[in-house]
Amino acid sequence: MTTKRSPWQRTHTCGELDLAHKDQEVVLNGWIENHRHHGQLVFLDLRDRYGVTQIVVDSEANGMVAGTFETVRRLGAEDVVSVRGKVRPRDADKVNKNRSTGAIELLALQVIVLSEADTPPFEVHDKAEANEELRMQYRYLDLRRRPLQEALMKRARFVTAIRNFLQQNRFIDIETPILTKSTPEGARDYLVPSRVHPGKFFALPQSPQIFKQLCMVGGLDRYYQIARCFRDEDLRADRQPEFTQIDLEMSFVEEHDVLDVVEAMFVHGMKEGFGIDVPQPFPRFDYFEAMDKYGCDKPDLRFGMTLVDCTELAKKSDFKVFAGAVATGGIVKGICAEGAAEKFSRKGIDELTAFVTGLGAKGLAWAKVTASGLEGSIAKFYEGDKGKELVAHLGGKPGDLLLFVADQKKVVHKALGDLRLKVGGLLGLRDPKVFRGCWVLNFPMFEWNDEKGRWQFAHNPFSAPVNWDITDFSVDTDRIRSRAYDFVMNGWELGSGSIRIHRPALQAKVFEFLGISPEQQRANFGFLLDSYKFGGPPHGGIALGVDRIVTLALGREGIRDVIAFPKTAAAFDLMAEAPSYGTPEQMAELHILSTAKKPES
RNA sequence: GGGGACGUAGCUCAAUUGGUUAGAGUACCGGACUGUCGAUCCGGUGGUUGCGGGUUCGAUUCCCGUCGUCCUCGCCA
């Protein structure tokens, strides 16, 4: 084997030449991004991952290899070439300040075509627009562009920082199976038929949950994995059928141990990966506190405008809507939009009203605070001292806009919580360059499923109840809390975890309450339950969504913008055209008969 | 599974109330040009208006169905 560099191979990248390389003879490799012909003088922009360098091809240049100029005349966009040339400083008035290499240009001595390109289906340079369908179909072309390259490079830096941090904090990177067992609760599984076991299927993991807990039983103490997870559910801008989590688990810990280490890890990753300083510490909210103040379990802390309970004041008023809601067991809450009075016309408020009624509220009560009192739909019910009391209760001042919803608590929180976000957005309070994290703890353990007519896990079946000694889950079920926590930033749920149950009797009791028979427990989780019989340590952990974190940090629209090869909303890979039909031979070997009608081909 | 938006030249878009030969920019091809950097100038190629059906004298336009993309509700323990 030769170790010698071939003559066409690059000595530098397209992003690194500057005045320090003056007069050097170098070789660059890259794609033709643009070409500008001036008769006997041609400019080429040569692009690689590192940047763009201007190549000058002068038909009268000394020392240029014969035929080079004719070669260059035939070049087109996206052709791959090797250019040997001499680095030449540009005149001061010809410097391109938009490029790192803008102070120089490369005077070509020889150009070799390494690969010819057809006219691409869309223009590859950054300024050209192309619809997302086409960009996904020709993803390798979109990958040549800066936005995706930047996202992938920063994503890699972030993940590397996370790995380094966890390695230094005694976590072990452990791989868990991709071919595993289907679980009955939770999201729909992707199934993989077994050839060797007729009629049986593996499932792709929705997360490594059970395996990471088994790592704790296995005495590994601290586990982590940058883990691919699979869920066969309908997609959104922030969901893909396969996605990546920073998954970790720790033994002999309580909530604060997990939260502290994850918070430090996250802050480190944001700094190293994206250069973003995230202020610490992150507030830690009890679930009900978050619901009361923000109307949701993933508060956006970039601005205030918290929900204020006005139920007591509402009782005193003659406003039938308020009184009526209270009389039927409902509540009244309001938000105070600082300085927003003049920013919302009557029409603007009508739009807000339509917004909340679309969320189930019956209407929107409002008032503008003036120097003399209140103006607006509820003003006549809150004249004089009553009005002053209301304004003071909400912390309002002249120029503020007060917005109220009266209804059952659930409706109020949904409507007013979402309204808070909408108004905050309209007032420019949700700056994408500001990052405010928080924790929400002690989620309800169960939630009622109307459709199935039974209780189900609100978080996951392994989350411990706050009270270890609980014996009967059927008493005050809706008030039982679990030691589950969410990691939230700017209104996005970025991570979720819990302290787990590690005692088999308690785990069995939880399953029993949810109507999962001992036989089902054995069939689905037997190996986990068995493991606890041999000494399961107290443990807990969390999983953070890498795709969402990167999307948020870079201010992108959706997670497809930070994934190299994403799928469509219908979970289809437009480039690979996956999934595809199995051949009859494959199907037979896998003991599979499809009931789907295959379109005539 | 439900709702909504979109689908016209390789790409990004336009096309009056349903009316003449479906246009523009860009890309591409050809020509001119030795200092451009989103080069410029001149000329040219390029269309199953996603697909199928219907209404109509006439459909890019209206209706139905279907396919695809995106958003959203359900769903995502």
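Biologist: Which residues make the nonpolar surface patch?
Modeller: In this predicted model, Trp8, Ile112 and Leu114 make a patch of about 230 Å². Patch residues have over 30% relative accessible area and no salt bridge, with nonpolar side chains (Val, Leu, Ile, Met, Phe, Trp, Tyr) joined within 5 Å and like charges within 9 Å. Areas come from the Shrake-Rupley method with a 1.4 Å probe, and only the protein chains shown count as cover for residues.

Biologist: Where does tryptophan 8 lie?
Modeller: Tryptophan 8 is in the segment before strand E1 (25-37); strands (E, at least two residues) and helices (H or I, at least four) are DSSP runs numbered from the N terminus.

Biologist: Turning to salt bridges, how many are found in the whole structure?
Modeller: The search finds 43, each a side-chain nitrogen of Lys or Arg within 4 Å of a carboxyl oxygen of Asp or Glu.

Biologist: Which residue does arginine 99 pair with?
Modeller: Arginine 99 pairs with aspartate 45, with 3.0 Å between the closest N and O atoms. Arginine 99 is in the loop between strands E4 (80-89) and E5 (104-115) and aspartate 45 in strand E2 (residues 41-48), so the bridge ties together parts 54 residues apart in sequence.

Biologist: Is aspartate 45 buried or exposed?
Modeller: Aspartate 45 is buried, at 3% relative accessible area, while arginine 99 is partly exposed at 23% (buried is under 20%, exposed over 50%, partly exposed in between; 1.4 Å probe, protein chains only).

Biologist: What conventions apply?
Modeller: Residues are numbered from 1 along each chain as its sequence is written, and chains are lettered from A and ligands numbered from 1 in the order written. Local features need pLDDT of at least 70 and side-chain atom pairs 80 or more, whereas totals for chains, interfaces and linings use all residues; side-chain values use heavy atoms, leaving out hydrogens and water.
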